[in-house]
Amino acid sequence: MELSEYMLKDGLKFIVGKWQADYVVNAFSNDLAHIPAAEFKSEDGRTFEDLKFEFFEDHTVKVHVEAGKDFGGTWEQTGMMDYRYKLEAFEEIPEGFFKDAAEKLDVLDGHLVFAIGFLAVALKKTEEGQITKEPDIGDLAPSEEDLNMNDIAGEYEVAKAKTFACGKFDLFTKEEIVADFNKRVENGEAKPEELADAVRAFEMIVEFTADHRVVEWMPLPAGVPEEAIKAALEAGEISAVKDGRFTGGGGKEWKAVNGKYYYNTGEHREMFDEVQSSWDELVFDEEGLMDFSSGLVKLRKK
């Protein structure tokens, strides 16, 4: 199974930190009871109470067995719910089922579980570890070379918009949408006056200014008098007017970082209660079209 970048980040966050033996299960018992680590005793009277693991973000691990016995090793994530670790102390153990089971960590009810012979040992997390937070694009300063990247500046029209047409939800050109809409009108599935809403996205012009702003322009409603436009500007309802179009707000920011273009969508995003970046990379496809607005439209430079 190929693990996505998100899965690896989530897996790293889960495992990094300190873990301690919580309970032991004897596979030969009748009820598979969870025996507290401090109560399960080996033949020599020792318990699993002192068994501790510490996983680090650089994929190293330290295992404490008892006073004076610490072992180092490495770990890796092998699946959504499983990991594998290797200790220097295990190098002398012959390859086989016993070693394989001892080195495999399965996630079960928030525990990390591995096997030693007929015993399953469950570890509980006792302390979160330190994970270096990746800097957000918004926090990165452009280099001198990045500041000279201005090929993106200019005005763009909508070449494709995501909508339901031709029996699927996908990106279509205005011509494709109109052709499909006309067929639906002929079949009595749509009304002619609904066409304006179907192609409204194509009215937008997006301008990337030389001073690193992203401004979205829409046509002024037909027949609006100059007095009304002036009043809207003075009231702050719209921020600018030019070439028969208006925009609201001050626009969004764009910049180049590490040779790539990005813009700040201004959106608040969260995934599994973790705040995500509001910055999107501006990527051009094989047709030279720019992905924009979270993939809802593709832009073509005018």
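**View 1. The second largest pocket of the predicted model.** This pocket has a volume of about 710 Å³. Its lining is made up of 26 residues, and Arg-46, Phe-48, Leu-51, Val-65 and Ile-116 are those nearest the pocket centre. By class, 17 of the lining residues are nonpolar, two are polar and seven are charged.

**View 2. Elements around the second largest pocket.** At least two lining residues come from each of strand E4 (60–66), strand E5 (69–79), strand E6 (82–87), helix H2 (97–103) and strand E8. E4 makes the biggest contribution to this lining, with three residues.

**View 3. The hairpin of strands E7 and E8.** Two residues separate the strands of the hairpin. Asp-109, in the turn, has a positive phi of about 50°.

**View 4. The hairpin of strands E8 and E9.** E9 (residues 119–128) is antiparallel to E8, and five bridges join the two strands. The hairpin of E8 and E9 has two residues between its strands. In this hairpin, Gly-117 adopts a positive phi near 65°.

**View 5. The largest pocket and its lining residues.** The volume of the largest pocket is about 1,200 Å³. There are 29 residues in its lining, with Lys-9, Glu-134, Glu-274, Val-275 and Gln-276 nearest the centre. Helix H1 (5–15), strand E18 (269–271), strand E19 (274–276) and strand E20 (279–281) are the elements that each give two or more residues to this lining. H1 gives the most, with six residues.

**View 6. Residue classes in the two pocket linings.** The lining of the largest pocket contains 14 charged, eleven nonpolar and four polar residues. For the second largest pocket, the lining holds seven charged, 17 nonpolar and two polar residues. Among the residues nearest the centre of the largest pocket are Lys-9 and Glu-134. Those nearest the centre of the second largest pocket include Phe-48 and Leu-51.

How values were computed
Residues numbered from 1 in each chain as written. Predicted model: local features only at pLDDT ≥ 70, side-chain atom pairs only at ≥ 80, totals over all residues. Heavy atoms only, no water. Pairing = 2+ DSSP bridges. Helix = DSSP H or I, 4+ residues; strand = E, 2+ residues; numbered from the N terminus. 1 Å grid on protein atoms, 1.4 Å probe; cavity = no way out; pocket = protein on both sides within 12 Å on 5 of 7 lines; lining within 4 Å. Points joined across faces, edges and corners; volume = space filled by probe spheres on them. Nonpolar A, V, L, I, M, F, W, Y, C, P; charged D, E, K, R; others polar.
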